[in-house]
Amino acid sequence: MIFIGILGLSVSLEAQRFPHEFWHEGKVVLLEGDTLFGDIKYDLERDVIQLRRGADIMEAFSARKILFFEIFDETISQYRLFFALPFAISSNYKAPVFFEVLFEGKLTLLNRESIQIQNVTYYDPRFSRYYHDPFMRGMNYPVLVYNFYFLNEKGQIAEFSKKKRDLYRIMRNRQQDIKAYIKKERLKVDRIDHLIKITRYYNSLITPN
């Protein structure tokens, strides 16, 4: 029975589809000011979207031509907002790339999805985490990974390593408050829902009522 259960979980991973593989109802606002409505399929790794308007019109746009786009993601029953923001591709070159806005404030939390090959056994939606099984080494699957970034008021974007010390550095002007809050609420800084909660709390500390 245990083997059958593990086999079922493994098959479900192989058959898993990711949010970027679906068409989502939404809208696109171009840099030129035009607003287009239709079905959207996005690719954050290539920073392009496809827009399907009706049965006959199919268009593709790169991040260079878009201000933002918004979708209703039926896989999680939520609206999602993506902005094209200048980001350092190399040490001396910036280009627009898509970031999802998870929380907007003086310190804004951003996300970029990517697909990585990992050794996993099953996914627990309660905690938005994939769990590894040391007894199933060598069985690799594509996994949806969230890569977090923080945008400050100066327009600077910093990648977050998902480690507490990095978070305390980013939020250093309220470091002790954040430490106490994380401990009190038993929060994990690598969980998307917890990180949104921490960012919201930090903004409440630095934003006058």
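Let me start with the pairing of strand 3 with strand 4 (residues 57-62), which runs in the antiparallel sense over six bridges, where strands are DSSP runs of E with at least two residues, and helices runs of H or I with at least four residues, both numbered from the N terminus, and where two strands pair if DSSP finds at least two bridges between them. This is a predicted model, in which local features need pLDDT of at least 70 and side-chain atom pairs count only at pLDDT 80 or more, while totals for chains, interfaces and linings use all residues. Residues are numbered from 1 along each chain as its sequence is written, and side-chain values use heavy atoms, with hydrogens and water left out.

Within this pairing, Ile49 stands opposite Phe61 in strand 4, and the two strands form a hairpin with three residues between them, where Gly54 in the turn has a positive phi of about 70°. A pocket here is an open set of points, on a 1 Å grid over the protein atoms alone, where a 1.4 Å probe fits, with protein on both sides within 12 Å along at least five of seven lines, and lining residues have an atom within 4 Å of a point. Of its 15 lining residues, Leu107, Asn152, Ile170, Arg172 and Tyr202 are the closest to the centre. Strand 12 (157-159), helix 2 (164-170) and helix 4 (192-206) each supply at least two residues of the lining.
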